[in-house]
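Here are my notes on the model, as numbered points. Please read them beside the coordinates.

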Amino acid sequence: MELTSPAFATGQPIPAVHGCDGADASPPLAWRDVPDAAQALALIVDDLDAPRGSWLHWAIWNLPPRPDRLAGGVPPDEEPAGRARQGVNDFGKPGWGGPCPPSGTHRYVFRLYALDAPLALAAGAARAELEAALQGHVLAQAELIGTYRRAG
């Protein structure tokens with residue numbers, strides 16, 4: 001399985017429009033080679049270089065495997081569309097919380113999970129609840145890493 005973004009290549013900077021220096025809009029994503037048995041997808045986005053360890057920027061689950069993409073600018077609603085659900089990020093809000101590192105360049109990992117069934121998990125769930133719900137349901141996983149450095 002492969003995860004990409006038309007907004008940035010792996011290992012490259014995430015455009016400012018997706019961070020706190022811009023519109024703070026989630027980036028568009030695309031995936032391929034999802035297992036045929038996948039019934040849903042889940043995505044977790046972390047800042048690997050946060051001062052206090054990993055910082056959750058986005059948790060969204062029950063995305064349909066097809067079509068093979070997610071448009072940018074997903075609304076910050078706990079239930080943005082269809083059966084998709086979003087959790088609360090480490091900013092304390094539902095949905096995407098864009099990169100906003102206090103200093104230096106940080107790495108952001110987007111982890112996409114192909115699941116054998118939609119998750120029976122309420123919108124607004126915390127990360128620990130999502131990780132527990134993923135157990136035993138992951139068919140495949142893909143990663144995309146971008147970087148972000150604040151302007152100025």
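1. Strand 7 and strand 8 (residues 138–149) pair in the antiparallel sense, over 11 bridges. Strands are DSSP runs of E, at least two residues, numbered from the N terminus; a pair needs at least two DSSP bridges. G146 in strand 8 is the bridge partner of Y108.

2. This is a predicted model: local features need pLDDT of at least 70, side-chain atom pairs count only at pLDDT 80 or more, and totals for chains, interfaces and linings use all residues. Residues are numbered from 1 along each chain as its sequence is written, and side-chain values use heavy atoms, with hydrogens and water left out.

3. Strand 7 also pairs with strand 3 (residues 40–47), antiparallel, over eight bridges. Here D47 stands opposite Y108.

4. Is strand 7 buried or exposed? Nine of its 11 residues (105–115) are buried, so strand 7 is largely enclosed by the rest of the structure. Buried means under 20% relative accessible area (1.4 Å probe, protein chains only).

5. The largest nonpolar core has 25 residues; L3, L29, W31, L41, L43, W58 and F110 touch the most other members. Strand 2 (29–32), strand 3, strand 4 (55–63), strand 7 and strand 8 each give two or more residues to this core. A core joins buried Ala, Val, Leu, Ile, Met, Phe, Trp, Tyr and Cys residues through side-chain atoms within 4.5 Å. Another core, of 13 residues, lies apart from it and includes A40, I44, W61 and L121.

6. Beyond four places in sequence, L41 touches residues including W31, I60, L63 and L112. Contact means heavy atoms within 4.5 Å.

Terms used:
Buried < 20%, exposed > 50% of the residue type's maximum accessible area, 1.4 Å probe, protein only. Helix = DSSP H or I, 4+ residues; strand = E, 2+ residues; numbered from the N terminus.
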